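Dear colleague,

I am passing on the structure that follows, together with some notes on what was found in it. Please read the notes with the structure open beside you.

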Amino acid sequence: SELHPALLELSTNFEYNDAVGTHNFIRTEQIHNNILKVSSDLKDTMICINSRHRMLAIYLKYFQTRNKKYAQDADKLIQDPYFTEAAKTQTYRGKLKMYETYMLYWNVKGRLDLASHYAKKALEHHFTHPAQLKKNQMQCVSMLNNFFTMNMERKRYDLANIALQKFREVS
C-alpha cells in the first residue's frame, strides 16, 4: 500500500522544503537520515510482526499434528536472515513480536525453559512501557497466561507466582 510512504512523505515534506528553501543543507541531511531510520524501523517491525504470525501458524499446525516437518519449518523461520536482522529492532512493537516469535519457537522445540524466558522478556517489555501497556492490555494478559501456564507445567511455582502478581497489576 502507498499509505505509509505517503504519510512519511507528508510528515516531513514541509520541513524538508523549508530547509531546502533556506539552503540549510545540514538540516536536509538530518531529515533524510531520519526518514531512512523511520522507514528501516517500520520494515524491521513489519518483518517481526509477520514472523510472529508465521510462527504462530507453525505452532498451531505442529501441536495439532506433531508432524516434525513443522518443527523444521520453525527452524527455517528462526534462521531466516531477514528475521535475524529485524530481530535487532528497537521499536516497541517489533521487539514485542520478536520475543513472541522466539517464545512460540521454543515451545515448538519443546524447550519450555527458553519459551518461558522469552515470555518473561515480553512481559518485562510490556511493563516498562506503561502507555503501551494500557493500549495492549489484552496482549499482556495473554502473555501472562502463557507465562503462568508454562511455569506451572515446569513446576516453577516461583515464576508462576510472578505472573499472578503481574495479573493484579494489569487488572
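A polar contact here is a pair of N or O atoms within 3.5 Å, where within protein one must be able to donate a hydrogen and the other to accept it, and where residues adjacent in sequence count only if both atoms are side-chain atoms. The model is predicted, so that local features need pLDDT of at least 70 and side-chain atom pairs count only at pLDDT 80 or more, while totals for chains, interfaces and linings use all residues. Residues are numbered from 1 along each chain as its sequence is written, and side-chain values use heavy atoms, with hydrogens and water left out.

The side chain of Asp75 makes such a polar contact with the side chain of Lys109, at 3.1 Å. Asp75 lies in helix H3, helices being DSSP runs of H or I with at least four residues, numbered from the N terminus. Leaving out residues up to four places away in sequence, Asp75 touches Tyr105 and Lys109, contact meaning heavy atoms within 4.5 Å.

The largest nonpolar core has 38 residues, and those with the most contacts inside it include Met55, Phe83 and Met98. Such a core is a set of buried Ala, Val, Leu, Ile, Met, Phe, Trp, Tyr and Cys residues joined through side-chain atoms within 4.5 Å, with buried meaning under 20% relative accessible area (1.4 Å probe, protein chains only). The largest share of this core, 9 residues, comes from H5. Apart from its neighbours within four places in sequence, Met98 is in contact with Cys48, Phe83 and Ala87.

With best wishes

Note on methods: Buried < 20%, exposed > 50% of the residue type's maximum accessible area, 1.4 Å probe, protein only. Helix = DSSP H or I, 4+ residues; strand = E, 2+ residues; numbered from the N terminus.
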